Amino acid sequence: MTSSILRRAAAAACLGALACLAATFSVAATPATAGQPGAAGTLSATQTSGGLVEEVIVSGDASLAARLGATGSMDMLSGEELTGIGATHVNEALARIPGVWITRGSGQEHLTAIRSPVYSGTGACGEFLYLEDGVPIRPAGFCNINNLFEVNTEQAAAIEVWRGPASAVLGGNALHGAVNVITAVPEDTRFTLEAGPYDFYRVGAVAAVDLGSQQLGVAAQSVSTNGWRDATGYDQQKLSLVQQTRIGAWEVRNTLNYSLLNQETGGYVYGYKAYKDSRLRDTNPNPEAYRDAWSLRAASHWRNGPWRLVPYVRRSDMRFLQHFLPGQPLEENDQTSGGLMLGYDLEQGRLRTSFGSQIELMQGSLYEYQALPLTDSSAFNNAVRPQGAHYDYDVDSLLLAAYYDLNWDFADKLSLVHSLRVERIEYDYDNRMLDGNSRDDGTTCGFGGCLYNRPADREDDFSNVAGRLGIERALRDAAVYLVFGTGFRPPQATELYRLQRGQDIAELDSERVLSAEMGYRSPHLKLAAFAERTEHFIFRDAAGLNVSDGKTKSIGVELSYQRTLGANTFELAASYAEHRYDFNGGATGGEVIVKNNMVDTAPRWLGNARWRYAPSAAWDSEFELNFVGEHYIDALNSAEYDGHYVVNWRGRYRLSERTELFARVINVLDERYADRADYTIFDADRYRYFPAMPRQIYAGVTFTL
């Protein structure tokens, strides 16, 4: 197709230029020092109890706090806190944010809930936006449901989490919230060695190089474990490089982030409360399953007075066995993408306004292949899930967006915030196989045709507008606010082109959220109450068709509290929320949706409480309690998971000025619980679970040079 050829040529030229720009680590005449404004914002150094220094970006495009302001619900985990947590999975860190639940799958896999149910399915990853230094880590429309294992959360300067729609500034996929990981710029050089159960070993290093005219930083880690369940080991490596310098009048911050994951994947264990069964909980019904993935991202943050310029490029590649499907087809997907974010800040008296725009190009592909004929399932499945290729397509996309964000102190102690974003995404889909639902050789499957259906080549586009309007009243050492916002996400490429059961065209609308939130914020307490309504919810219906006629509604309250009394610090993050279906219908897998039923996998209660005791700079100790409330695990609300409590302990001891020992015990009471529970009508044992790990003891040492 002519348009496809032209777009590919334009994309190649654009990506090549951006790659050259982002990869240029220049030597400048003026040094960039800690505490001075950088290209991504102002850096502030924080002294840790162990004498180490972490730099946290507090303004600029790299930070959500700077772009979205204080009116709304955002929490941040600092680099010091992330180091103390020592997470082996990102859910251990983000459990500290109210209203957030990252359910742990096998290895580094996960599903996300931010002020929402846990979403799963073809395009569920599009419900949230994941960023790195303010730049989305994946192109719009080509997300990965396990997005967070691609970023270096363990060695980050900070992780920011925005709860509620943020599309008015950040764009599509920031429907229910956003997670931003800020790359650290280390001030010193240190090495960490760590060991734990099930042959867990982790080696980490950060290093800083001051060349006078520029600062260089590197953070790297490598993890290896055999896994606690059969055939569930993994190896993972992450690398982050940062350069800060000046080029003429421009302050420049270049970043390069790389990740590699090779894991054996465990499947569900089946049977009612199988996670408590000693004979089942550490078994793996799918020892053949695996996931191999790598990603590479480069960005260059430029700032000159009010002007901001961020070119970026990305590449990712993934192969995994879909062990959860009959026939276990292999999926391979990859994407190459890049773009440019442009911003301008204007301040006139009491009015502060930011203007921004974004252009992004993507080339992506997906291939699915079933190696062997299916013979051990039902007659229907055996017939409609053929051996051979199921899908083989390319998708090009073009995203264009513009926004403004203003903050007006229109009266004494009263501020108005308003944001508006217009965004358009265009898809150019090229089917590389036979159109329709035949086998790859053109022959017809039984039962009316093969399950997998391939649309003919086509182009689709989606235009969306999101807004935010809020008012904030300053009090003595506190503030109250009221904010209304909308969010959107366009259909993902897989929802449009990976079709089934004879569906030739997926007539989908963009999902939309309307939100209202009121809150109170003080140095020790944050409290927010919200109500949301989601329309055009995209799901696969009872006929196996991708549709966008679902609706949900949510209400909830979130609280975070912190108080220090002498050597003791007490912290609490808790939320209560109800997420309900707002329509009647059916979903794939025989699910029955009834209006006003609770959405499955959506606990009403989530909680995290911590007590930290630090009598001196030499040592500290922390006890943590995580709570997940009971919740339904099917749409009909006929099956439940009981919920669980988990107690963790962490401690650090400064042996000398340059040596620090640390240890932690995860699941101190050896509680038998499930990281994820589900219910299916297609198996004799309808309950299925990912059992959580038993008690784990980790210990390590950090050497500072």
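**Entry 1: contacts and overall form**

I began with the contacts in the protein chain between residues at least 6 apart in sequence: 66% of them join residues at least 24 apart. I note that the model is a predicted one.

I then looked up the secondary structure and found seven helices and 41 strands in the protein chain. For the chain of 705 residues I recorded a radius of gyration of 25 Å, close to the 27 Å of the globule rule, so the chain is as compact as a globular protein of that length. Along the principal axes, I found that the C-alpha atoms fill a box of roughly 70 × 60 × 45 Å.

**Entry 2: burial, surface and charge**

I noted that buried residues account for 58% of the 705 residues.

**Entry 3**

I traced an open sheet of three strands in the order β16-β40-β39, with antiparallel pairing. Which strands stand at its edges? I found β16 (269–270) and β39 (674–679) there, each with a single partner strand, so one side of each is left without a neighbour in the sheet. Between β16 and β40 (residues 687–691) I recorded two bridges. Within this pairing I located Y270 opposite R688 of β40.

I turned next to β19 (residues 330–348) and β20 (residues 351–370), which run antiparallel and are joined by 19 bridges. I identified L366 in β20 as the bridge partner of N333. How many residues lie between the strands in the hairpin of β19 and β20? I found two, and noted that G349 takes a positive phi near 60 degrees in this hairpin.

I followed β20 onward to β21 (residues 388–411), with which β20 pairs in the antiparallel sense over 20 bridges. Here I located G356 opposite Y403 in β21.

**Entry 3: L129**

I looked up L129 and placed it in strand β7 (residues 129–132). Is L129 buried or exposed? Its relative accessible area is 7%, under the 20% limit, so I list L129 as buried. Leaving aside residues up to four places away in sequence, I found that L129 touches P136, L170, G172, N173, A174, G177, A178 and V179. I also checked L129 against A493, 364 residues apart along the chain, and found their C-alpha atoms separated by 16 Å.

Key:
Residues are numbered from 1 along each chain as its sequence is written. This is a predicted model: local features need pLDDT of at least 70, side-chain atom pairs count only at pLDDT 80 or more; totals for chains, interfaces and linings use all residues. Side-chain values use heavy atoms; hydrogens and water are left out. Helices (H or I, at least four residues) and strands (E, at least two) are DSSP runs, numbered from the N terminus. The radius of gyration is taken over C-alpha atoms; the globule rule is 2.2 Å times the number of residues to the power 0.38. Buried means under 20% relative accessible area, exposed over 50%, partly exposed in between (1.4 Å probe, protein chains only). Contact means heavy atoms within 4.5 Å. Two strands pair if DSSP finds at least two bridges between them.
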